[in-house]
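Please read it alongside the sequence and the coordinates.

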Amino acid sequence: MQEIRNYTMNFGPQHPAAHGVLRLIMEMDGETIVRVDPHVGLLHRGTEKLAESKPFNQSIGYMDRLDYVSMMCNEHAYVRAIETLLGIEAPERAQYIRTMFDEITRILNHLMWIGSNALDLGAMAVILYAFREREELMDVYEAVSGARMHATYYRPGGVYRDLPEQMSKYRESPWHKGADLKRINSWREGSMLDFLDAFTADFPSKVDEYEELLTTNRIWKQRTVGIGVVSPELAQQWGMTGAMLRGSGVEWDLRKKQPYAKYAEMDFDIPVGVNGDCYDRYLVRVEEMRQSNRIIRQCVEWLRANPGPVMVKNFKVAPPSRVEMKQDMEALIHHFKLFTEGYCVPAGETYCAVEAPKGEFGCYLVSDGANKPFRVHLRAPGFAHLSSMDTIVRGHMLADVVAMIGTYDLVFGEVDR
Amino acid sequence: MTNTPKTSLAEQLAARFGDTLAITTVRNETVAELAAADLLAVATALRDEPAFRFSELIDLCGIDYLGYGQVEWDTETISGTGFSRGVEGEAQGRFDWAGRPRGNGGNEPRRFAAVIQLLSIEHNRRLRLRVFCEDDSLPLVPSLTLVWPGVNWFEREAFDLYGIIFDGHPDLRRILTDYGFVGHPFRKDFPLVGNVEVRYDPVQQRVIYEPVSIEPRVLVPRTIRDDADLMQARAESADNWREN
């Protein structure tokens with residue numbers, strides 16, 4: 001009988017299942033994992049240090065680039081921290097817009113997740129369908145901010161501008177013309193809210209399609225049921241939040257428990273899992289998409305009925321309009337000071353968290369009264385989740401590591417910051 | 001935070017821990033400052049005792065208080081120097097590795113602290129702990145890995161970025177910076193532009209490290225203004241003179 005010893009295997013950082021730049025050093029006993037040591041930081045950009053050398057507003061764009069599939073939720077945490085220290089509150093309409101875009105972002109994130117996770121585990125088709133809907137929602141991002149991903153749309157004191165009256169349309173091209181063009185533009189005849197109304201009316205049937213492909217799929221269940229079981233105690237010890245915690249049956253959602261923006265007024269449910277395995281977390285996230293859809297519909301209804309300002313009328317924080325700036329001396333001075341120096345935030349510290357699609361995304365902000373933050377720390381859910389990798393995958397097979405990376409919903413922009 | 005029980009968290013903490021904690025509550029956020037020596041006992045009690053049950057450690061981060069309140073643009077007095085103040089300041093981000101500040105012989109107050117955010121799911125409450133390190137040249141804090149295992153990577157991060165040493169940590173390696181990195185990049189006396197840059201050298205046919213070639217440059221000077229409390233702004237937005 002030949003003697004077999006443990007061996008060490010390298011995974012990543014360039015691997016399609018690594019969801020970016022994860023490097024794993026795995027100690028294996030045959031196909032079984034004995035120990036795994038994740039190496040992160042390959043995408044470390046020092047966002048927090050960069051933010052210390054810039055006026056507050058100039059760092060909002062960095063937040064988009066942290067978790068680059070749930071952009072506006074990151075902005076929300078940062079902007080809320082600044083608003084808390086400034087003691088200002090965004091107008092009600094801006095709060096509804098933020099609530100709506102947080103949920104649009106959640107759907108965007110979960111679509112990316114369901115597609116890439118299924119792709120990792122051998123189901124090719126799902127990502128193609130998921131990106132069909134992602135495309136529509138990215139158009140909404142673009143309509144409101146001009147950018148498909150890195151929106152920089154939330155600002156301290158509100159949002160950059162009000163929702164557009166017109167939705168962008170597809171132009172005629174060799175690929176889209178005649179009746180086909182008319183069909184793909186049929187939702188886009190009215191305002192952005194009309195488009196969202198049409199989208200959300202249709203979206204539950206699209207979620208049914210994804211579920212059709214996966215929920216009762218024999219291979220999908222073999223790859224996820226009973227894999228990566230996280231007990232509620234383990235989840236809390238390892239600082240897990242979001243779907244990782246809810247999948248284990250802990251009913252914890254900041255949108256319900258510590259509501260911010262307009263979540264207190266929204267009617268929605270928190271799905272929880274039972275077994276805490278990859279399959280339960282899949283079910284939780286799919287249901288979250290349906291619940292987000294419900295919230296978006298409620299916001300659309302409110303936003304249609306209630307026009308109003310979307311930015312505080314405080315020119316120490318928010319810039320005056322272009323017209324005012326051209327006609328009014330004081331507005332010009334405000335504009336100049338705001339864009340050359342920024343605003344000073346009173347000394348103090350705060351921790352503000354939002355329920356980002358991946359879990360609790362928090363911003364710990366320390367100000368010494370200057371126009372730049374003294375310290376910004378961003379609490380990324382993925383960082384805490386990934387640290388539990390070693391504990392959870394020990395004894396699993398090599399292929400289950402891929403299932404686990406998928407179920408963590410890792411994005412290295414936020415893990416490495 | 002939202003469903004506050006009959007006695008506030010600050011009162012409960014004061015009753016239980018007495019002088020061990022220096023407690024402040026600002027905007028419903030409770031902050032407790034404590035000595036490094038007390039941290040392990042307090043943390044264990046906060047996790048286990050039914051009145052607290054902080055089952056989750058949400059976050060731990062380092063912070064360097066060097067240069068707190070330091071400005072580059074004086075707003076109190078009129079100075080004779082002009083625009084160059086804006087580009088020739090001395091604060092963070094404007095020096096390179098060779099010109100980094102070396103401290104003034106230990107006259108500063110304590111620099112390093114570890115800040116911990118706790119969450120109690122049972123009571124729906126948060127608590128922030130702050131532990132200052134006594135010695136700036138060897139910042140030392142006891143590790144909490146035995147209380148909340150999830151703190152492991154957060155402590156590695158604080159060690160990597162600030163050089164805070166967590167006593168008792170099982171595996172205190174660098175986590176975010178490059179293999180073989182020198183220095184602790186988030187310290188306020190570490191240059192924003194970094195110390196080395198990396199490129200592929202076609203002659204040696206390998207990746208090499210060189211001192212950074214970029215000039216440190218910060219466009220906006222750091223200022224502290226007294227109107228930071230925004231009183232004037234509130235008054236302006238209240239009287240709605242633009243609508244008249």
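Predicted model: local features only at pLDDT ≥ 70, side-chain atom pairs only at ≥ 80, totals over all residues.

**Helix α4 of chain A and its partners**

- Helix α4 of chain A, residues 92-120, and helix α7 of chain A, residues 192-214, have axes that come within 13 Å and cross at roughly 25°, which means that α4(A) runs roughly parallel to α7(A).
- The crossing of α4(A) and α7(A) is left-handed, and on the α4(A) side the contact is made by A:M100, A:F101, A:I104, A:I107, A:L111, A:I114 and A:A118, while α7(A) contributes A:M192, A:L193, A:L196, A:F203, A:Y210 and A:L214.
- With helix α12 of chain A, residues 278-305, α4(A) packs at an angle of about 150°, the two axes being 9 Å apart, so α4(A) is roughly antiparallel to α12(A).
- The crossing of α4(A) and α12(A) is likewise left-handed.

**Helix α5 of chain A against α7(A)**

- Helix α5 of chain A, which covers residues 125-145, has an axis that comes within 10 Å of that of α7(A) and crosses it at roughly 165°; α5(A) is therefore roughly antiparallel to α7(A).
- α5(A) passes α7(A) in a left-handed crossing.
- The residues of α5(A) in this contact include A:V126, A:Y129, A:A130, A:L137, A:V140 and A:V144, together with the charged residues A:R132, A:E133 and A:E136.
- Among the residues of α7(A) that they meet are A:F195, A:F199, A:K206, A:E209 and A:L213, and A:M192, A:L196, A:F203, A:Y210 and A:L214 take part here as well as in the contact with α4(A).

**Salt bridges**

- Side chains of opposite charge can pair when their charged atoms come close.
- A search of the whole structure finds 54 salt bridges over all chains, and one of the pairs that meet in a salt bridge is A:R183 with A:D180, at 2.8 Å from N to O.
- A:R183 and A:D180 both lie in helix α6 of chain A, residues 178-184, and because they are 3 residues apart there, about one helical turn separates them.

**A nonpolar surface patch on chain B**

- B:V196, B:V198, B:Y200, B:V207 and B:Y209 make a nonpolar surface patch of about 500 Å².
- The elements that give two or more residues to this patch are β8 (196-201) and β9 (206-211) of chain B.
- β8(B) gives the most to the nonpolar patch, with 3 residues, and B:V198 has its place in this strand.

Note on methods:
Residues numbered from 1 in each chain as written. Chains lettered and ligands numbered in written order. Heavy atoms only, no water. Patch = residues over 30% accessible without salt bridge, like charges linked within 9 Å, V, L, I, M, F, W, Y side chains within 5 Å. Areas by Shrake-Rupley, 256 points an atom, 1.4 Å probe, with all protein chains shown as cover. Salt bridge = Lys/Arg side-chain N within 4 Å of Asp/Glu carboxyl O. Helix = DSSP H or I, 4+ residues; strand = E, 2+ residues; numbered from the N terminus. Axes fitted to C-alpha atoms, helices over the stretch in contact; angles between N-to-C directions. Parallel < 35°, antiparallel > 145°, perpendicular 65-115°, else oblique. Left-handed = near helix turned anticlockwise from the far one by under 90°. Contact = heavy atoms within 4.5 Å.
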